[in-house]
Amino acid sequence: MKQLISPYGGSLSALLVSSERSAALKKDSMSFQSIDLRPSQICDLELLLNGGFSPLAGFMNEDEYHSVLDQLRLKNGLLWPLPITLDISEEKAASLSRDQKVALRDQEGCLLAVMTIEDIWPVDKKKAAEKLFGTTNESHRGVRSLFQKTQNYYAGGKVEGLQLPVHYDYKMFRLTPAALRSKFNQLGWRRIVAFQTNAPLHRAEQEMTLRAIKSVDANLLLHPAVGLTKPAEKDYHTRIRCYIEIAKKYPPNIMMFSLLPFASKNAGTREEILHGIMRRNYGCGYFMSLTGERETDRTDAGPLQGAAVVLRESCASYFDEIGIEKLPVKKMVFVEEKAQYLSVDAVGKDQKTRDISPEELNRRLTEGIQIPEWFSHVSVVEELRKSYLSKDKQGITIFFTGLSGAGKSTIANVLLVKLLEMRGRPVTLLDGDIVRKHLSSELGFSKAHRDINVKRIGFVASEITKNGGIAICAPIAPYKVTRDYNRALISRYGKYVEVHVSTPLAVCEQRDRKGLYAKAKAGLIKGFTGIDDPYELPESPELTIDSSGLTPEEATQEILLYLENNGYIK
Ligand code: PPS
């Protein structure tokens with residue numbers, strides 16, 4: 001296939017239309033169908049509209065898609081490693097046709113762009129996974145996202161942009177390719193190293209960037225991809241505040257910090273090449289990345305094989321083609337006797353080095369242990385500590401599950417009183433009956449309705465946990481998948497404790513406080529858990545409590561002891 005001279009770094013795609021065209025499209029859009037974009041799709045659209053994905057003129061059509069998937073090139077032969085596609089549901093696909101215009105909207109319904117459809121086609125996910133990730137193993141994050149989140153059809157076509165997606169956070173650090181280029185011009189910066197990372201920077205990485213820019217006599221653009229992290233999440237702010245703090249620790253006039261609105265697709269080398277293209281479009285001539293190295297480790301899906309190895313080996317020639325030089329990442333370690341950082345390969349045999357692994361850093365932050373200044377700047381550590389609350393300050397969800405009449409509500413109520421007595425964190429009880437009355441009054445007991453009910457409880461508990469409170473939940477929650485969904489959601493914000501109240505069915509039936517078992521057995525209630533509806537046993541709950549041989553106080557004591565022994569209450 002013919003290869004074109006690299007157009008990257010030249011003129012940018014101009015997809016944002018004039019104000020007259022914008023007004024006309026807005027008016028016409030009343031009669032268009034809409035596609036409400038997910039956050040990752042909004043990231044792709046932003047990079048199309050701001051020129052970061054130049055020279056693309058829209059979401060790829062079917063021919064472009066296959067060409068990129070198979071050859072890493074657009075139809076005209078230009079290097080392009082990753083499909084930029086818009087996935088839609090089967091229902092939506094059936095309602096749209098070629099040449100039709102669709103309104104692309106953000107999650108609040110704000111009109112961002114209009115796409116004129118060229119193609120709609122079903123996604124061959126297996127083929128795409130093999131080509132993009134070299135595996136169909138769902139333990140690979142990219143594969144999982146493709147199989148589980150990507151909808152089954154793609155729609156492609158040229159895009160006319162009305163406005164860039166709106167961000168209310170860190171506006172001053174969201175420079176477009178054009179804005180960055182003009183800033184570089186103003187400052188007289190001619191050689192710029194773009195540095196890509198997903199994690200906060202410590203002194204070792206700072207030293208690495210300083211040496212890199214020195215080696216090519218360039219300035220530094222700290223340019224982390226922040227696509228998918230949500231502004232409402234604490235970690236996102238911590239990460240950005242850490243960048244702001246470390247930016248202050250560079251020599252004057254040497255570096256600049258800006259955010260890249262790119263949502264990772266976890267596509268290893270292909271993604272790294274795309275990073276190179278984007279940075280060229282943002283006006284940089286050198287590229288250095290900490291994420292590329294990590295993603296290609298693929299510890300979650302085994303080592304690279306076949307075509308992926310070949311691609312990895314030819315990565316440098318692709319960077320030549322883009323016209324951006326990829327600088328090597330050299331791991332730095334602190335050499336005690338010299339009190340300075342050296343690259344690992346420059347350390348003498350007898351020299352004592354020091355380093356703190358990510359796991360150790362995590363432990364020190366969680367347990368409030370000191371972090372030495374040789375490892376990280378005090379102001380960066382202070383920012384990090386804000387999102388690492390010690391265990392006794394973290395939010396907690398205590399999630400009881402078990403049959404009706406097992407004793408969940410009784411124990412939950414005693415636990416509520418005991419925790420309130422301690423006057424530590426705010427405590428909220430989300431009991432099955434209370435939730436059914438206030439949150440889920442329209443729901444019945446079908447599997448679908450139980451799932452909605454239990455997920456609602458999980459959502460409220462996650463909000464309470466996120467804000468440092470204790471949520472006590474006590475539904476039956478008979479299905480494992482739904483309980484695991486809640487566990488994953490809540491664990492992002494704090495501690496999740498599943499308590500299986502394992503009181504045997506016979507005891508529950510005998511108690512029959514509400515007379516429901518008798519009715520269920522007489523066939524007067526259908527689909528009653530334990531009688532003619534399933535209860536899936538928890539596989540590894542943090543605690544299992546059989547209330548038949550315990551008083552409510554004794555059962556509660558088990559939970560309090562667990563929390564105390566694990567450092568969650570003092
Ligand atoms: S679920 O499955 O988690 O959504 O159930 P939950 O919200 O906890 O509601 C359980 C309470 O509703 C009463 N009830 C039933 N339970 C089970 N199956 C059927 N068909 C049913 N119909 C009504 C029952 O009293 C449960 O209360 P508890 O407090 O668990 O005894």
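How many positive and negative side chains does the chain have, and how far apart do the centres of the two sets lie?

1. The chain has 77 positive side chains and 70 negative ones, with the centres of the two sets 3 Å apart. Here Lys and Arg count as positive and Asp and Glu as negative, leaving out His and the chain ends; each charge is placed at NZ of Lys, CZ of Arg, CG of Asp or CD of Glu.

2. A word on the source: this is a predicted model, where local features need pLDDT of at least 70, side-chain atom pairs count only at pLDDT 80 or more, and totals for chains, interfaces and linings use all residues. Residues are numbered from 1 along each chain as its sequence is written, and side-chain values use heavy atoms, without hydrogens and water.

3. Now the overall picture. Of the 570 residues, 51% are buried (under 20% relative accessible area, with a 1.4 Å probe and protein chains only). The chain holds 22 helices and 19 strands (DSSP runs of H or I, at least four residues, and of E, at least two, numbered from the N terminus).

4. Phe195 stands opposite Met288 in S10.

Methods: Pairing = 2+ DSSP bridges. Buried < 20%, exposed > 50% of the residue type's maximum accessible area, 1.4 Å probe, protein only.
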